[in-house]
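Dear colleague,

Please find below the structure that I am handing over to you.

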Amino acid sequence: MTKADLVDAMAKEADITKAAAAMALDAYVNALTKELKKGGKIGLVGFGTFSISKRKAREGRNPQTGATIKIPAKKVVKFKAGKELAEKVN
């Protein structure tokens, strides 16, 4: 599903215009991004939880040459599905 498909689905489900659905989706993504950037956590009951996890720096190998490379530390976004979402998908 693309962003346009999601906007269409949101507009139909909420009985609003596509423009309003697009604005709501953009506002949600912006708020989520700001909170995660601060190191926060977003929990939506029944849906799931978005959080930040830190990966340590490590050594890896270039698969083409076999040379050892250093992979820097970084933050990654994690999502854990809520119980209701997991039950509906299964």
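**Salt bridges and surface patches**

D26 is partly exposed, because its relative accessible area is 32%. Please note that the model is a predicted one.

D26 takes part in a salt bridge with K3, in which the closest N and O atoms are 2.6 Å apart.

In total, the structure holds three salt bridges. Another one joins the side chains of K18 and D8, at 3.2 Å from N to O. This pair also links distant parts of the chain, with K18 in helix α2 and D8 in helix α1, ten residues apart. K18 counts as exposed, at 53% relative accessibility, whereas D8 is partly exposed, at 28%.

The side chains of E35 and K38 also meet in a salt bridge, with an N to O distance of 3.4 Å. Here E35 counts as partly exposed, at 25% relative accessibility, while K38 counts as exposed, at 68%.

Does the length of helix α1 agree or disagree with what its residue count predicts? The helix has twelve residues (3-14), so at 1.5 Å a residue it should span 16 Å; its end C-alpha atoms are 16 Å apart, which agrees. After α1 comes D15, which has a positive phi, near 55°.

A positive patch is formed by R55, R58, K74 and K78. Of these residues, K78 lies in strand β5 (residues 74-81) and counts as partly exposed, at 45% relative accessibility. A nonpolar patch of about 400 Å² is made by Y28, V29, L44, F47 and F79. F79 is found in strand β5 too, and with a relative accessible area of 38% it is partly exposed.

Finally, two loop residues deserve a mention. G82 sits in the loop between β5 and α3 (83-89). Is G82 buried or exposed? G82 is buried, because its relative accessible area is 14% and the cut-off for buried is under 20%. Between the C-alpha atoms of G82 and K18 the distance is 28 Å, and the two residues are 64 apart in sequence. N62 is found in the loop between β3 (58-61) and β4 (68-71), and it counts as partly exposed, at 26% relative accessibility.

With kind regards

Conventions:
Residues numbered from 1 in each chain as written. Predicted model: local features only at pLDDT ≥ 70, side-chain atom pairs only at ≥ 80, totals over all residues. Heavy atoms only, no water. Patch = residues over 30% accessible without salt bridge, like charges linked within 9 Å, V, L, I, M, F, W, Y side chains within 5 Å. Areas by Shrake-Rupley, 256 points an atom, 1.4 Å probe, with all protein chains shown as cover. Salt bridge = Lys/Arg side-chain N within 4 Å of Asp/Glu carboxyl O. Lys, Arg positive; Asp, Glu negative; His and termini not counted. Charge placed at Lys NZ, Arg CZ, Asp CG, Glu CD. Helix = DSSP H or I, 4+ residues; strand = E, 2+ residues; numbered from the N terminus. Buried < 20%, exposed > 50% of the residue type's maximum accessible area, 1.4 Å probe, protein only. Expected span 1.5 Å × (residues − 1).
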